[in-house]
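Subject: Structure for you to look at

Hi there,

I am passing a structure on to you, as promised. Have a look at it below, and then read on for what turned up.

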Amino acid sequence: MGDDPARLYRLDGVAHIAGVINEEPQRCIRSMRRQQGMRLDDRYVPYLQMAGLYHLARLNDRWFRLDEALVSAFVERWRPETHTFHMPFGECTITLQDVAYQLGLPVDGRYVSGCLSEFHIYIEGGRPAWVWFQELLGVIPPPSQVQKYAVNCSWFQETFGECPEDADDETVRRYARAYIMMLLGTQLFADKSGNRIHIRWLPYVARLEELGTYSWGSAALAWLYRCMCRVANRHVVKLAGPLQLLQSWIFWRFPRFRPAGYEELSWPLASRWSGYNPSGSEKGPRVQMWRLRIDRLQDGEFLWMPYSTPDVLQVVHPEVLEPRHMALWRSVTTLIYFAVIEWHQIDRVLPQFGGVQPPPHPALNIDFLMSKDGRGGDRWFPSTLQKWHLLWDSRQDCVLRFDVVGDPGPSHAFLDWWRQHGKRFLSPETQLGDPRAVPIPLEASQRGPGRVPDMDRPEDVPDRRRN
């Protein structure tokens, strides 16, 4: 199999975040916030529908609280090299399919990229940042409400909280632009502060009719991946990003971890947990409890295909099931959000799409992309990171084709490989007992060997990391 475990599975990130969680778990996860003070006006709906963001906006009205201890226990299992969670039974991850079902976001479309503020340099018809802001929104925030190129959420809420009843069409468009900027800035692409809206969205809301041509789903997944990678590999103690996606994914994929009493299904699927309010007890012991519960998971306690049941198909919106979107769920390709470039490695989680997982190919080294994130000033990212943008443009050529079986899961060869190379357990042995000696399930042998489909990989980068 030839994989270098030091390259594939560094343990420094796990140790770092585990230490942070043990010491100060309350600092690790930024609480989710509703979009307070900005009502979803019926007059915005046509613009949100055109943008592919209407389901996300509806989800905003049916929110749930974040279980910080549960999310922390999962994040400490995140491996930046593979973009997967390391579990006792193998690897699993959040994919473009999960984004589509959980948040109702479009997957196929143009990458969400460009520049951050120097619009008049890079964009035809663009204006200097604050000139364009005033043209599009009809007002300029006072200096006290601006931090470089970001505006305080409170100012947005106070200024655009409710669209006047007698507003003309242009005024409605301005309020719709503000609502969409707030929706993107707080629900999908929030930073660690959680209270600022960046003006990078001006070129997008300038052309409301074109918003639906972008892949908001892939951009949101890129940002969630990057936020988890930062926490795992850097001295970062706050997790940002679309955390409602992460928590809902956990509840859907791990039935044992679901809260009781939330059986009604609605669209998007994350709305199922509306009103959920986790325990407010001390987080440190709860993190340890969740860590132990994860360590004791066995093969068969993770739902490989939770969206194939009739009750889900009854509520799913048909636009999510368009062939052009569904094909990309199986694409091994780049995920792009401005300077953030991540890798959609579904070849490591074939059972989530009905296949059998063999030992995987070596992980692609993209550490250098993480080191460039946020450095070097404003640039036109489709040029400075051209290779990776071109890979997204050819995404249809990277769709994996493999056999779908009745009993998806890891093969016997994978589980044998996983016991040698995976980081399976994080609890102390005194708490865990010894599940390491549990034999490989018989059904794994009956699944057959599986096969990772052939694919053209981008050029790897020399591995200069310390082993």
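Which residue takes a positive phi in the hairpin of strand 7 and strand 8? That residue is Phe338, with a phi near 55°, and the hairpin has two residues between its strands. Please keep in mind that this is a predicted model.

Strand 7 covers residues 334-337, and its pairing with strand 8 is antiparallel, over four bridges. Across this pairing, Ile336 has Ile341 of strand 8 as its bridge partner. In general, side chains of a regular strand alternate between the two faces of the sheet. Strand 8 (residues 340-343) sends Val340 and Glu342 one way and Ile341 and Trp343 the other, and all of them are buried.

There is also an open sheet of three strands, in the order 4-5-6, with antiparallel pairing. Strand 4 (146-147) and strand 6 are its edge strands, each pairing on one side only. Three bridges join strand 5 and strand 6, again in the antiparallel sense, and Val151 stands opposite Ile197 of strand 6.

Helix 9 is worth a look as well. This helix spans residues 153-160, and its buried residues are Cys153, Trp155, Phe156 and Phe160. Viewed down the helix axis, the buried residues of helix 9 fall within an arc of 160°, so they line one face. Their cover includes strand 5 (150-152) and strand 6 (196-198) from the sheet above, along with helix 8 (129-137) and helix 10 (169-188).

Next comes a loop residue. Thr95 sits between strand 3 (90-92) and helix 6 (96-103). Is Thr95 buried or exposed? Its relative accessibility is 0%, so Thr95 counts as buried. Leaving aside residues up to four places away in sequence, Thr95 touches Leu221, His344, Ile346, Val349, Gln352 and Phe353.

Finally, a word on pockets. The second largest pocket has a volume of about 340 Å³. Its lining is made up of 16 residues, and those nearest the centre of the pocket are Arg110, Ser113, Tyr204, Tyr214 and Trp380. By type, the lining of this pocket divides into nine nonpolar, five charged and two polar residues.

Best wishes

Technical notes
Residues numbered from 1 in each chain as written. Predicted model: local features only at pLDDT ≥ 70, side-chain atom pairs only at ≥ 80, totals over all residues. Heavy atoms only, no water. Buried < 20%, exposed > 50% of the residue type's maximum accessible area, 1.4 Å probe, protein only. Arc of directions from axis to C-beta. Contact = heavy atoms within 4.5 Å. 1 Å grid on protein atoms, 1.4 Å probe; cavity = no way out; pocket = protein on both sides within 12 Å on 5 of 7 lines; lining within 4 Å. Points joined across faces, edges and corners; volume = space filled by probe spheres on them. Nonpolar A, V, L, I, M, F, W, Y, C, P; charged D, E, K, R; others polar. Pairing = 2+ DSSP bridges.
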